[in-house]
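Me: I would like to learn how to read the fold of a protein model. Please show me the structure, and then take me through it.

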Amino acid sequence: VDMGRLAAHGHSMGGFATGALLGTHPELFLVASHTAGGMSTQAGAAATSVAQAQAITTPYSLHHGDADTVVPLALDQALANQLAANPTPHQLTVYPGFTHPQIATNAGMLSAVRTWYVQHGLLP
């Protein structure tokens, strides 16, 4: 494994775990992305915590459907705001009409993630 070319990606709880992982070990990852994740200010929430989000330095691509009734878009908007404050290179893409399961395997989202990974040196 080329430890200089590691990425992380997750969906939903995996998206929360991706944020937590990046906030705990920011030095290990070149680039990251998730779908339907985000940050919560509520103590004990499953989402990435504020303290974890404050430590994220890895370029991070966030993707969320605005019709998601499982994970509110507001959680990714909160994370994007925190990444801007860090400052961490990031991009939040909102997909109109997409529900929670629809975003996970959408071809447009996967293409955008691939482009993000190319831009940040993970892929040629």
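Reply: Start with contacts, meaning heavy atoms within 4.5 Å. Of the contacts in the protein with a separation of 6 or more, 72% are between residues 24 or more positions apart. This is a predicted model, where local features need pLDDT of at least 70 and side-chain atom pairs count only at pLDDT 80 or more, while totals for chains, interfaces and linings use all residues. Residues are numbered from 1 along each chain as its sequence is written, and side-chain values use heavy atoms, leaving out hydrogens and water.

Me: Which pattern does the protein follow along the sequence?

Reply: Helices (H or I, at least four residues) and strands (E, at least two) are DSSP runs, numbered from the N terminus. The protein has five helices and four strands, in the order β-α-β-α-β-α-β-α-α.

Me: Which residues of helix 3 are buried?

Reply: Buried means under 20% relative accessible area, exposed over 50%, and partly exposed in between (1.4 Å probe, protein chains only). In helix 3 (residues 73-85), the buried residues are Leu73, Leu75, Asp76, Leu79, Ala80, Gln82 and Leu83. They pack against helix 1 (13-24), helix 2 (50-54) and strands 2 (31-35), 3 (60-65) and 4 (90-95).

Me: Why does alanine 104 count as partly exposed?

Reply: Its relative accessibility is 24%, so alanine 104 falls in the partly exposed class. Alanine 104 lies in helix 4 (residues 100-104). Leaving aside neighbours within four places in sequence, alanine 104 is in contact with His11, Thr35 and Met109.

How values were computed. The expected span of a helix is 1.5 Å times one less than its number of residues.
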